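Here is a short report on one protein model. Look through the sequence and the structure before reading on.

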Amino acid sequence: MTFAATILTLYPEMFPGPLGHSLAGRALVEGKWSCETVQIRDFATDKHRTVDDTPAGGGAGMVLKCDVLARALDSAPAAGRAILAMTPRGKPITQQRIRELAAGPGVIVLCGRFEGFDERLFEARPEIEQVSLADIVLSGGEMAALTLLDACIRLLPGVMGAPSSGTEESFETGLLEYPHYTRPQEWEGRTIPEVLRSGDHAKIAAWRKLRSEEDTRSRRPDLWERHEGARVQPASGAQHETKEPDQ
């Protein structure tokens with residue numbers, strides 16, 4: 001099954017962009033995924049092909065028009081695919097959600113611009129999932145869409161060389177990944193940790209687990225708190241009432 005990506009954007013020339021290279025590019029050539037763009041401006045009905053207008057109530061910037069966006073979206077049949085709108089107002093995407101998307105038939109991604117979307121689009125099309133990458137604001141949703149697609153594509157069967165490459169990484173177990181080293185053994189007075197040169201696989205595994213926990217606790221206390229909360233959940237898997245459910 002080919003993972004089919006359809007991107008609704010004002011800048012279709014940005015795709016596949018970097019996804020046409022490296023592992024994603026090879027997978028694209030091999031037909032493991034497909035990339036189609038829809039020019040939102042093609043669905044404007046006036047002679048100026050207007051896609052935005054001033055904010056109701058006043059304010060700076062422009063807002064993408066709901067009627068134009070809806071026509072563009074309706075032109076791309078979902079066929080079981082998730083529909084995502086890239087917006088800083090959305091829920092942060094998680095690796096768990098990425099895995100769910102990668103296991104499906106593909107995605108339709110709506111790229112925001114200007115001040116964002118007319119909210120009535122989401123009221124009229126509740127199937128749209130509003131997502132963000134992080135607590136940052138970009139010039140548009142295209143870069144976020146490229147990142148989201150890359151995260152999905154690398155998990156498709158046959159894209160990565162080693163099957164374990166997709167599981168022994170940050171966020172896959174709820175922790176940050178342990179640090180890595182490679183030759184030369186000594187560099188600027190710094191050496192590779194002795195345990196990694198010992199050949200003792202049990203000790204190496206224990207060291208990596210400990211470093212993952214230590215680094216997560218110090219660098220991402222939010223992840224550590226969530227990880228610890230998951231570890232102490234009842235066997236039934238019931239959520240604590242005070243915990244926010246994972247996205």
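The sections below cover the overall fold, helix packing, aromatic pairs, selected loop residues and backbone exceptions.

## Basis and overall fold

This is a predicted model, in which local features need pLDDT of at least 70, side-chain atom pairs count only at pLDDT 80 or more, and totals for chains, interfaces and linings use all residues. Residues are numbered from 1 along each chain as its sequence is written, and side-chain values use heavy atoms, with hydrogens and water left out.

The protein chain has seven helices and nine strands. Helices (H or I, at least four residues) and strands (E, at least two) are DSSP runs, numbered from the N terminus. Of the 247 residues of the chain, 38% count as buried. Buried means under 20% relative accessible area, exposed means over 50%, and partly exposed lies in between (1.4 Å probe, protein chains only). Among contacts in the chain with a separation of 6 or more, 72% come from residues 24 or more positions apart. Contact means heavy atoms within 4.5 Å.

## Helix α3 against helix α5

Two packed helices are described by the angle between their axes and the distance between the axes. For α3 (residues 95–102) and α5 (residues 141–153), the angle is about 70° and the axes are 8 Å apart. That makes α3 roughly perpendicular to α5. Axes are lines fitted to C-alpha atoms, for helices over the stretch in contact, and angles run from 0 to 180 degrees between N-to-C directions. Angles under 35 degrees count as roughly parallel, over 145 as roughly antiparallel, 65 to 115 as roughly perpendicular, and the rest as oblique.

α3 passes α5 in a right-handed crossing. A crossing is right-handed if the near helix is turned clockwise from the far one by less than a right angle, and left-handed if anticlockwise. From α3, Ile 98, Leu 101 and Ala 102 meet Leu 148, Ala 151 and Cys 152 of α5. The residues of this contact are six nonpolar, no polar and no charged. Here Ala, Val, Leu, Ile, Met, Phe, Trp, Tyr, Cys and Pro count as nonpolar, Asp, Glu, Lys and Arg as charged, and the others, Gly among them, as polar.

## Helix α6 against helix α7

α6 and α7 pack at about 125°, with their axes 5 Å apart. That makes α6 oblique to α7. On the α6 side, the contact is made by Glu 213, Thr 216, Arg 217, Ser 218 and Arg 219; on the α7 side, by Pro 221, Leu 223, Trp 224 and Arg 231. The residues of this contact divide into three nonpolar, two polar and four charged.

In α7 (residues 221–231), Leu 223, Trp 224, His 227 and Gly 229 are buried. The buried residues of α7 pack against α6.

## Aromatic pairs

The structure holds two aromatic pairs. Phe 117 and Phe 122 form an edge-to-face pair, 5.4 Å centre to centre with 75° between the planes. Rings of Phe, Tyr and Trp (its six-membered ring) pair if their centres lie within 6.5 Å; planes under 30 degrees apart count as stacked, over 60 as edge-to-face, and the rest as tilted. Phe 117 is buried at 12% relative accessibility. Phe 122 is buried at 9%.

Tyr 181 and Trp 207 form a tilted pair, 6.5 Å centre to centre with 55° between the planes. This pair links distant parts of the chain, 26 residues apart: Tyr 181 sits in the loop between α5 and β8 (186–187), Trp 207 in helix α6 (residues 201–219). Tyr 181 is partly exposed at 42% relative accessibility, whereas Trp 207 is buried at 17%.

## Two loop residues

Asp 118 lies in the loop between β6 (106–111) and α4 (120–124). Is Asp 118 buried or exposed? At 16% relative accessibility, Asp 118 counts as buried. Not counting residues up to four places away in sequence, Asp 118 touches Val 63, Leu 64 and Cys 66.

Ser 139 is in the loop between β7 (128–132) and α5. Ser 139 counts as exposed, at 61% relative accessibility.

## Backbone exceptions

Most residues other than glycine have a negative phi, and most peptide bonds are trans. The bond from Phe 15 to Pro 16 is cis, with omega near 0°. Pro 16 is in the loop between β1 (3–9) and α1 (22–29). The bond from Arg 183 to Pro 184 is also cis, with omega near 10°.

Arg 49 has a positive phi of about 55°. Arg 49 is partly exposed at 35% relative accessibility. Phe 114 has a positive phi near 60° and is in the loop between β6 and α4.
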